[in-house]
Each structure stands twice: as structure tokens, then as C-alpha cells.
Amino acid sequence: MVVTKPKRSVEEYTSNSYRLDKSSPKDWLKDSKPKSPEQIWLKSGEQAPDWLPKKPRVYRVSLANCNYYYPLQIREELEKEFMKLVEEWHQETGMMSLVSKIVMHPAYQRIIGMGQPVIPLILRELEREPDHWFWALRAITGANPVKPEQQGRLKQMAQAWITWGKEHGYEW
Amino acid sequence: MNGKLEIYKELKYPNLSYTEYEVTSKATKAYNCFAWAAKEDDRWWSPEPDGFWPDGVPRELTIEAVNQVYQTLGYEPCDNADLEPGFEKIAIYVTSDGEPQHAARQLPNGKWTSKLGNWEDISHELEGLANQMFYGEVKQILKRTL
């Protein structure tokens, strides 16, 4: 594995600079495509080069599609943004009675745009209180575990998605 | 349970504060106004895939489709919102672009009962919820015999 000195200073380094998804191949690093000079990949436990500053920047990497790697927000930042959007969504759609109106709110659309990393946060919200997260979950995952006879019954729909999430390895 | 909505909720309905209304339930996300008008309190009635919609009724947001929804329960179009002994009525609020946004059911005392989205149920006057920003105006009355 080649480690290239970054062009700009790396603010943060950690031996956990990547996180393997459960479903990912263990030897994913061997087959990975060349990284940009600003990225470094180190195996867990590998010694950090001397030129790296002590305060590391943490990159977490999505391996949902192993042909592409892209840095993700760290969980704390993701969660903070998610909760801000949830609050905004609740405040501005509380009086609405139509699902199509509720889910078209810009904050909800932004949450959909955050993609797969927010699924555990949505499932956690759903477990806390059944709400209209089903549209977002369908949009992000392409799945729909809700049976026709459960349509409209938020508790049952929420339970169907929570079960689906656990079966697919999501933790929250 | 009787009382007024929190001020930030009341501000969504500018007519409420100068018409009579009172809160009649706790806030819940278990059902919506279209279900409550049909006397259900355990599921959302909405034409999207996430909502319940009666079999055979087009899943579309039109006054014709909403009329058909309540026709499955015996309601028929009617030309006034007056209290008529022996009948119960539903009022449909429609926006200026023709989309039904809200339904209210008439109570035996002539007032109307509504579920406000994810919020509380209230009893109110029809004008109280008229609002071009959200629900629009009452454009359709339906009735059925008790």
C-alpha cells in the first residue's frame, strides 16, 4: 500500500480512518483503486507516518458500492444535521394531513439526499415514535417491507421497517 | 382536554382566534383528518402508497376521488353545511388549485370536528380552518343518513 504525503495538511489522523461495513470483503484495500494524494489508507494498527500531524481528520468511507469510495460525515456531524432537519420538518408540517405534502418539505427532501448513512438515524426515530419516514426509507433503499393491509397504520409500518433494518444489518 | 392550541399552532390558522373552537384530544400521529371524518382513529387515509385508501377509489388527490372515498361510506354530495336532523355531514376543504387538503365532520350540535394533521382534534366552525396557505376553503359538502 502506498502512502502519499498529502498536498494540504491533514488535520486529523487515526488508525480508524476507515470503517469496514459488515458486508464488505475483508481484503478490500488490496483491490482498491488508486487514491488521490489527499487520501491515505492505513490498515488498523499500522504505524502513522511522522509527517502526519497529531490531530487527525477522520474519514469514514462508504463501501456500499466498492467501485467508488467517498468520505462521509462523521456520525456526530451527520446526527446533528439530521436532528436539525427533523425539527424543522416537524415544526413546518405538523398541520398537514396529506403524506405527499409532508414528504415534499425541503428538510425531508434534504434528509433523503443524505442517503444510506441516515438509515440508522431514521430507524431510530421510527422506533422512538412512528412517523412518516416510509417515503424516505423507500427512496433511499428501494425496499418496501410494508404489506398492503398495513398501509396507513403507522405503528405496524414502523415495525415492518425496524424488522427490515435489523435483518439487513443496520444498528442504531 | 378542552382548551386552546399552543400559540404557534393557532397562528397557522388565522381565523381560529376569532371563531369558537376548542381542543378535544391529545396530539397523535396515529390518524389524520380524512380518517377522523370517517370516524376512524387508528390509521392515515391518504392517496399515496403509505396511506389507506378504499379499494376501487383512484389514488389521486382530486375532489372527485375524495367524494368517492366517502361514497364508500354512504355519503353523497349535498349543497349546504346546515345542521339537518337525521343526517351527518362532511366538509371538504380544497385549495385554489383544486387539491383537497382537509376534511371535517359535523357534530350533533352543529359544530365541526377536525384532526389537525399530526396535532390535536378540535371542535370548530367551518370558517375557523379556512386558510389559503394550507387547507383552502370548503368547496364540497357530503351527507348521509344516520
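**View 1. Burial and overall dimensions of chain B.** Buried residues, defined as those with 20 or more other C-beta atoms (placed from the backbone) within 10 Å of their own, account for 39% of the 146 residues in chain B. The model is predicted: local features require pLDDT of at least 70 and side-chain atom pairs pLDDT 80 or more, whereas totals for chains, interfaces and linings use all residues. Residues are numbered from 1 along each chain as its sequence is written, and chains are lettered from A and ligands numbered from 1 in the order in which they are written. Along the principal axes, the C-alpha atoms of chain B fill a box of roughly 40 × 35 × 30 Å.

**View 2. Secondary structure of chain B.** Chain B contains three helices and seven strands, taken as DSSP runs numbered from the N terminus (helices H or I, at least four residues; strands E, at least two). Their order along the sequence is α-β-α-α-β-β-β-β-β-β. Because its radius of gyration of 14 Å is close to the 15 Å that the globule rule gives for 146 residues, chain B is as compact as a globular protein of that length; the radius is taken over C-alpha atoms, and the rule is 2.2 Å times the number of residues to the power 0.38.

**View 3. The contact between chain B and chain A.** Chain B contributes 23 residues and chain A 16 residues, two residues being in contact if their C-beta atoms, placed from the backbone, lie within 7 Å. On the side of chain B that touches chain A, helix H2 (33–37) and strand E4 (100–106) each supply at least two residues. That side of chain B divides into ten nonpolar, seven polar and six charged residues; Ala, Val, Leu, Ile, Met, Phe, Trp, Tyr, Cys and Pro count as nonpolar, Asp, Glu, Lys and Arg as charged, and the others, Gly among them, as polar.

**View 4. Packing of helices H3 and H5 of chain A.** H3(A) (residues 106–113) and H5(A) (residues 134–141) pack at an angle of about 30 degrees, with axes 9 Å apart; axes are lines fitted to C-alpha atoms over the stretch in contact, and angles run from 0 to 180 degrees between N-to-C directions. H3(A) is therefore roughly parallel to H5(A), a term for angles under 35 degrees. A:Tyr108, A:Ile111 and A:Ile112 of H3(A) meet A:Ala136, A:Ala139 and A:Ile140 of H5(A). By class, this contact has six nonpolar, no polar and no charged residues.

Note on methods:
A residue is buried if 20 or more other C-beta atoms lie within 10 Å of its own, exposed if 12 or fewer, and partly exposed in between; C-beta atoms are placed from the backbone. Angles under 35 degrees count as roughly parallel, over 145 as roughly antiparallel, 65 to 115 as roughly perpendicular and the rest as oblique.
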